[in-house]
Amino acid sequence: MLESKKRKVQPPFSLLAELTHRCPLHCPYCSNPIEMTLKEMELPTKEWKRVLSEAADLGVVEVHFSGGEPLLWKDLDELVEHANSLEMYTNLITSGIGLYGKKAKRLQDAGLANVQISFQAGEEELSDRIGGFKAFEKKRSAVEAVNSTGMHLALNVVLHRLNIDTLDEIITFAHELGAERLELANTQFYNWALLNRERLMPSREQIARASKTYETAKARIGKEMEIIWVIPDYYESTPKPCMGGWGAIALTVAPNGDVLPCPTAGMIEGISYENVRDRSLHQIWYESDSFNRFRGDEWLPETCRSCDLVNQDGGGCRCQAFALTGDAEATDPVCSLAPDHHIVEKAVQEANSKHVKERAPIIYRKMTSSKIRL
């Protein structure tokens with residue numbers, strides 16, 4: 001049995017700055033909350049600059065500007081310049097819509113180091129259908145704009161049942177565009193993706209074929225482009241660690257100023273997250289109940305405390321545990337030893353059934369002020 005211990009809290013390494021939940025795309029796997037922050041509730045630029053300064057003082061060395069679509073933030077250049085002045089590495093996570101030549105040059109001049117552009121597929125028709133918006137050519141134009149500046153370029157494609165069979169096309173497309181890095185992020189089933197799990201969960205056969213495609217492409221491309229490939233949680237026997245550990249290496253500031261241990265933590269009911277309008281990042285990181293809730297191992301359920309793997313996975317993902325069981329303190333049901341593992345087994349069985357409902361309606365992401373129960 002694991003001996004209970006308190007873990008010394010280290011300064012965070014990175015900050016995810018979610019400037020807005022507004023976005024022109026309607027991706028059915030979006031990790032944004034079901035009830036998103038409306039424009040009138042967003043932090044103003046002045047507050048964001050203070051947050052960046054507090055993050056630098058706290059020890060943060062890299063900031064990722066995200067959303068929604070961060071290009072909708074009118075003062076994005078100003079925020080990038082401020083982060084750069086604080087000697088933080090800056091990364092823009094974007095759909096690419098609105099990133100034209102002059103805008104890319106302004107961001108580069110402000111100090112932006114890296115741009116990560118999302119695609120939904122490697123060809124126009126499927127990409128636009130998944131995103132619910134005619135965006136493919138706009139994304140290609142954004143890639144050209146980034147390449148013209150010499151900034152580092154990464155592409156991200158979220159994989160799921162609708163596009164995973166086109167993986168070779170996706171990898172070839174990214175390579176031809178000159179991406180330095182391609183992240184093949186299999187869908188994590190939270191928020192919008194959980195609503196659409198029936199349509200998005202790939203089968204075992206799809207995963208097996210895609211794994212072979214990845215290995216072949218990686219050998220062919222070599223060091224010309226880094227390819228990141230992680231299979232879906234549901235097909236693992238043990239869960240992944242919770243974002244490197246709850247409140248361990250990173251923090252997220254949501255558009256309304258709430259500070260979260262990870263981008264999806266706001267979905268967990270029963271935890272009150274403190275806001276940068278009321279307390280400093282330093283106080284929230286070290287003192288808040290929300291960040292200390294799942295640090296160390298005193299909170300762990302007995303299933304995890306008695307397990308030899310607990311130091312590797314830390315009990316798994318708290319958001320996934322809550323999403324599937326309604327209890328954030330439960331062992332992540334992905335674990336084959338979890339009391340609730342049958343939930344994941346059932347989902348996998350359904351995804352591999354010959355009777356899977358391929359024509360189930362897709363629920364596209366949209367701004368809403370009314371809570372949809374998961």
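Start by selecting G68, in the loop between β2 (62-66) and α2 (76-85); helices (H or I, at least four residues) and strands (E, at least two) are DSSP runs, numbered from the N terminus. Residues are numbered from 1 along each chain as its sequence is written. This is a predicted model, where local features need pLDDT of at least 70, side-chain atom pairs count only at pLDDT 80 or more, and totals for chains, interfaces and linings use all residues, while side-chain values use heavy atoms, without hydrogens and water.

Most peptide bonds are trans, and most residues other than glycine have a negative phi.

Next, pick E87 in the loop between α2 and β3 (89-94). Phi of E87 is positive, near 65 degrees. E87 is exposed at 74% relative accessible area (buried is under 20%, exposed over 50%, partly exposed in between; 1.4 Å probe, protein chains only).

Now jump to N191 in helix α7 (residues 191-195). N191 also has a positive phi, about 45 degrees, but N191 is buried, at 3%.

Time for salt bridges (a side-chain nitrogen of Lys or Arg within 4 Å of a carboxyl oxygen of Asp or Glu). Show E78 and K49, whose side chains meet at 3.0 Å, N to O. This pair links helix α2 with helix α1 (residues 45-58), 29 residues apart.

Then select D77 and R106, another salt bridge, with the closest N and O atoms 3.3 Å apart. Here D77 is buried at 18%, while R106 is partly exposed at 39%.

Finish with E47, R50 and E54, linked in a network of salt bridges.
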